[in-house]
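Here is a walk through one structure, in short steps. Keep the sequence and the 3D view side by side as you read.

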Amino acid sequence: SYSQLAAFQKCPLQYKFAHVLKIPVKGRPVFSFGKTMHNTLFEFVRQSLKKPLSFTQLEKIYRKLWLAEWYENHQQEKNYFQRGLQSLKRFAREFTQKPPRVLCLDSKPVLEQDFNIKIGGHTLVGKIDRVDEIERGVEIIDYKTGSHKEKLRPEDQQQLLIYQIAAIEALGLRPQKLTYHYLDQGQKVSFLAKESKLVSEKKNIIRSIEKIRQSQFPPRPGWQCAFCDFKEICEYAKIN
């Protein structure tokens, strides 16, 4: 999956802890919050395709699907809840004012769409949040609950590049736009990769998978250690 590739590229030892040794990790508020937001938007968009929903109805869905897990205390949970509510207000307003044309395949909207593709003999799996119909093709959308990035680095683009490849090869679509939708700020960052970039990305994916197979999983200490789930047990962790 993309998350496995990203983990290995960030730190091979982190990958080993998570995906080879499968060491359990303590849940974090961002995981619970992110899952709540994705589940809420899935239900809201799915139901809105049948009939328009009010914000009151969206809030009801949000409250029903709220995951009250991994928050350190009630105040932290309350802060996250209000943050999500503000994001949803903005999302609902935009959705209502300019309803998107969500793509349907086999009479089903393309929401939380699973995919499975072969790249160089390796299987890559993932899930696309949403696909909309736009002029001359489709727009692939991925919801983000983290900080807005105005300029995407190559590593930031990788997830949507994989989705572009999957849309073409697994779903038979013609992507015209790849979009990260940052829910907190209501901002969107879009791009589209040329065929040469997709070919290059496939080669990178194959190289990464081969490195994983051959790896001794060396540590790669750095700034990322502060955010690592395994910093408490890793002897190489660099934490200031």
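Glu-155 is partly exposed, because its relative accessible area is 42%. Partly exposed lies between two cut-offs: buried means under 20% relative accessible area and exposed means over 50%, with a 1.4 Å probe and protein chains only. Accessible areas come from the Shrake-Rupley method with a 1.4 Å probe, and for residues only the protein chains shown count as cover. The model is a predicted one: local features need pLDDT of at least 70, side-chain atom pairs count only at pLDDT 80 or more, and totals for chains, interfaces and linings use all residues. Residues are numbered from 1 along each chain as its sequence is written, and side-chain values use heavy atoms, with hydrogens and water left out.

Which residue forms a salt bridge with Glu-155? Arg-153 does, and the closest N and O atoms are 3.5 Å apart. A salt bridge here is a side-chain nitrogen of Lys or Arg within 4 Å of a carboxyl oxygen of Asp or Glu. Arg-153 is partly exposed, since its relative accessible area is 41%. A network of salt bridges links Arg-153 and Glu-155 with Lys-149 and Asp-156. By this rule the count comes to 13 salt bridges.

Asp-132 and Arg-130 meet through their side chains in a salt bridge of 2.6 Å, N to O. Both Asp-132 and Arg-130 are buried. Asp-142 pairs with Lys-144, with 3.2 Å between the closest N and O atoms. Asp-142 is buried, because its relative accessible area is 3%. Lys-144 is partly exposed, because its value is 23%.

Now go to the nonpolar core. Such a core is a set of buried Ala, Val, Leu, Ile, Met, Phe, Trp, Tyr and Cys residues joined through side-chain atoms within 4.5 Å. The largest one has 35 residues, and Val-131 and Ile-140 touch the most other members. Elements that each supply at least two residues of this core include helix H1 (2-10), strand S4 (122-134), strand S5 (137-144) and helix H6 (154-169). H6 gives the most, with 7 residues. Helices (H or I, at least four residues) and strands (E, at least two) are DSSP runs, numbered from the N terminus.

Next comes the surface. Its patches are made of residues with over 30% relative accessible area and no salt bridge; like charges are joined within 9 Å, and nonpolar side chains (Val, Leu, Ile, Met, Phe, Trp, Tyr) within 5 Å. Val-30, Phe-31 and Trp-70 make a nonpolar patch of about 280 Å². Val-30 sits in helix H3 (residues 29-48). At a relative accessible area of 40%, Val-30 is partly exposed. Lys-203, Arg-207, Lys-211 and Arg-220 gather in a patch of positive charge. Lys and Arg count as positive, Asp and Glu as negative, and His and the chain ends are not counted. A charge is placed at NZ of Lys, CZ of Arg, CG of Asp or CD of Glu. Arg-207 belongs to helix H7 (residues 195-214). Arg-207 is partly exposed, because its relative accessibility is 46%.

Finally, look at the backbone. Most residues other than glycine have a negative phi. Lys-22 is not a glycine, yet its phi is positive, about 55 degrees. Lys-22 lies in the loop between helix H2 (12-20) and H3. Arg-136, also not a glycine, has a positive phi of about 70 degrees. The loop between S4 and S5 holds Arg-136. Arg-136 is exposed, because its relative accessible area is 59%.
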